[in-house]
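Subject: Structure handover

Hi,

Here is the structure for your files. My notes on disulfides, salt bridges and the core follow below it.

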Amino acid sequence: MKTAHSTLLLLLLVPLTEPAPQTQLDSYMSYEYGTDNFEKTKFSQDYEDKYLDEKNIKEKETMRPDQKSLQLQKDEVVSSSLPIKKENDEMPTCLLCVCLSGSVYCEEVDIDAVPPLPKESAYLYARFNKIKKLTAKDFADMPNLRRLDFTGNLIEDIEESTFSKLSLLEELTLAENQLLRLPLLPPKLTLFNAKHNKIKSKGIKANTFKKLNKLSFLYLDHNDLESVPPNLPESLRVIHLQFNSISSITDDTFCKANDTRYIRERIEEIRLEGNPIVLGKHPNSFICLKRLPIGSYF
């Protein structure tokens, strides 16, 4: 009887020793490391980002006026440092070229037209590119330009008024291009260089140089000139006309035929070598000069 009671008590206690059902904590742990963990982590990150954004907004709203001004300046610096994309997807001039203290250097960058220039530009160096034409629009509203250099391009044509409004322009270099004629030149030029082109005498108007009272250096060598350009200003110091097709000169080319006392004071050098002219046949053409032209006299 005692044994029967012990067996019955054992049977009643067996269910109490079975494993307990999985707790809520176990379920959470299973979720933590399950496939949904990525979504939970993403939710936490989104919450953190939102919290930080709201915090930054509140901080900006509570800034003092001087702090807001400083922040705006910082934002402007960051935005201005980013590349500006144009509608035609071309690079801005000062990224394609080099802009430095009013000077723009666009040398050997394969441009085929004059790029838009900063309005404060005073000097443009666009040497050794593929520019074929210059127009008045290229330099519109550019009153500060003092020097232009287009050496080594493919320029064939220049609109007549391209340089006429550049009242401060002092030096203009168009060497090593394909020019056949010269446009109107600005009045304050001190140096004009158009050597190594295809300019003929008919491509230079009679008054092209007449009013250039500050022109000191004129380089027209290695062209197709048949005669010396007329009305050369008194201000000239150096004239290079070598290797053209000049075959004759007159007593009025450099001097004044009707004034035997006239002396051309400023001219230091005239080069005429490489032309089909014998200078010895024109002695009266140099009577007003302090130095004889360089060239063939026999």
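A disulfide here is a pair of cysteine sulfur atoms within 2.5 Å. This is a predicted model, where local features need pLDDT of at least 70, side-chain atom pairs count only at pLDDT 80 or more, and totals for chains, interfaces and linings use all residues. Residues are numbered from 1 along each chain as its sequence is written, and side-chain values use heavy atoms, with hydrogens and water left out.

Disulfides

The whole structure contains three disulfides. Cysteine 94 pairs with cysteine 99, sulfur atoms 1.9 Å apart. The torsion about that S-S bond is about -90 degrees, so the disulfide is left-handed. Buried means under 20% relative accessible area, exposed over 50%, partly exposed in between (1.4 Å probe, protein chains only). Cysteine 94 is partly exposed at 40%, and cysteine 99 is partly exposed at 30%.

Cysteine 97 is joined to cysteine 106, also by a disulfide (S to S 1.9 Å). That link is right-handed, with 105 degrees about the S-S bond. Cysteine 97 is buried at 5%, and cysteine 106 is buried at 0%.

Cysteine 255 and cysteine 288 form a disulfide with sulfur atoms 1.9 Å apart. The pair links distant parts of the chain, 33 residues apart: cysteine 255 in the loop between β10 and β11, cysteine 288 in the segment after β11. Strands (E, at least two residues) and helices (H or I, at least four) are DSSP runs, numbered from the N terminus. Both cysteine 255 and cysteine 288 are buried.

Salt bridges

How many salt bridges does the structure hold? Ten. A salt bridge is a side-chain nitrogen of Lys or Arg within 4 Å of a carboxyl oxygen of Asp or Glu. One joins arginine 127 to aspartate 149 (3.5 Å, N to O). Arginine 127 sits in the loop between β3 and β4, aspartate 149 in strand β5, 22 residues apart. Arginine 127 is partly exposed at 26%, whereas aspartate 149 is buried at 10%. Another joins lysine 290 to glutamate 265 (2.7 Å, N to O). Lysine 290 is exposed at 54%. Asp157, Glu160, Arg181 and Lys205 form a salt-bridge network.

Core

A nonpolar core is a set of buried Ala, Val, Leu, Ile, Met, Phe, Trp, Tyr and Cys residues joined through side-chain atoms within 4.5 Å. The largest has 54 residues; Leu148, Phe150, Phe192, Phe209 and Leu220 touch the most other members. Beyond four places in sequence, phenylalanine 150 is in contact (heavy atoms within 4.5 Å) with residues including Val114, Leu124 and Phe139.

Best wishes
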